[in-house]
Each structure stands twice: as structure tokens, then as C-alpha cells.
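I opened my notebook to look up a few things in a protein fold. Here is what I wrote down as I went.

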Amino acid sequence: MAATFSGNFGISPVILPRQTRIPRLIPRATRGVEQVNWVLETSSFFDKDSRPIMLFDGVCNLCNGGVKFVRDNDRKRNIRYEALQSEAGKKLLQRSGRAPDDISSVVLVEKDRSYIKSEAVLKIMEYIDLPFPQLALLLHLVPLFIRDFAYDNVANNRYNIFGKSDSCEIYAD
């Protein structure tokens, strides 16, 4: 016995709207103000030295300890360091698409790209000595939202747990 079905079984075709171009809105604070191309403005940081720059919170004890750890494990001196609060740090933050006063995350700035939060930590691990590049590769298996959730929890409580310094303890190369 064969059954014959006709019709659309109660399923209506879905018609997707045509994609429209969303106009780019200029925030009120920047209307009438000349926009700065921060990549060009900061290109001099990479003219003579192409090593990436690690931006860190200069008054955070955890961050200062992290920079000391990276320096101790970076025998080839692959990474440069700059405090987020410095003038150069503020410019590099803006190059990375962040506010100049945003000290919520470590940032690794390469000539063509920037990394934040857990992505920055893993990228820094790739630049330093063994076994950290292999550990970074393994940690990439953890989904980004989980890594960033853990990162944010530590970052949001870093002053309460590790304390704060009066000034930056790390000096540039």
C-alpha cells in the first residue's frame, strides 16, 4: 500500500530580506573632530624594530609579575614592553581599536595585528622559550569564550588579590 502526499505539509517558504548596508554612525563626541589613523600614527614603533609590543597595566602587581616572568623566559628578547598608562601605550591601545584609558586587558601589538585578553596571553606564550609555545597550542583547544571568561575573572579582581603599586616597576628595553 503506497501513500501519496501532495502539498507543502504546512511548511511555508522562508523569504529572507535582502541585506541592506548599515550606515556607519559617527559618535557624537567625534563629530567634527578630525579622525586619526592610529596605524600610521604609531608606525614608527615598528620602523626599526619589528618585535611585538606587550602592553600591560604598569601599576598592577600581577601584571608586573607577568612581565618579569615573560622577560625571564624570553632569552631571545622577542618581545618589547610598554605600560598601558604611558603615552606610547595609549597610542598603541588606540591603534588596537581600544580606548586610550582602557587598562582592562593585556594587549600584544604586532606590526599588522593586535591581540587582547586570553588571545594575547597565548600569543605571548608562542614567542617565549619552551615549553610555553606547546602549552599555548594545547590551550587553543579551549574555546575562546571559556578562556576569556577565566581571563576576565582574574583581570577584574587583580587589584584585590595581588595589589597595586604606586608606579610602574618595569622599565623599557
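Predicted model: local features only at pLDDT ≥ 70, side-chain atom pairs only at ≥ 80, totals over all residues.

**Entry: the layout.** I found 7 helices and 4 strands in the protein chain. Reading from the N terminus, I noted the order α-β-α-β-α-β-β-α-α-α-α. I also looked at contacts with a separation of 6 or more, and 64% of them join residues 24 or more positions apart.

**Entry: the inside.** The chain has 173 residues, and 32% of them count as buried. Next I searched for nonpolar cores, and the largest has 21 residues. M54, V70, I79, Y81, L108 and I124 have the most contacts inside it. I listed the elements that each supply at least two residues of this core: β1 (53-56), α2 (61-72), β2 (80-83), α4, α5 and α6 (144-156). Helix α4 gives the most, with 4 residues. Apart from this core I found another, of 8 residues, including I53, L55, L93 and V107.

**Entry: a helix pair.** I then turned to α4 (residues 117-127) and α5 (residues 132-139), which pack at an angle of about 150 degrees with their axes 7 Å apart. The crossing of α4 past α5 is left-handed. On the α4 side I noted L122, M125 and E126 in the contact, and on the α5 side F132, P133, L135, A136 and L139. Sorting the residues of this contact, I got 7 nonpolar, no polar and 1 charged.

Terms used: Residues numbered from 1 in each chain as written. Heavy atoms only, no water. Axes fitted to C-alpha atoms, helices over the stretch in contact; angles between N-to-C directions. Left-handed = near helix turned anticlockwise from the far one by under 90°. Contact = heavy atoms within 4.5 Å. Nonpolar A, V, L, I, M, F, W, Y, C, P; charged D, E, K, R; others polar. Buried < 20%, exposed > 50% of the residue type's maximum accessible area, 1.4 Å probe, protein only. Core = buried A, V, L, I, M, F, W, Y, C linked by side-chain atoms within 4.5 Å.
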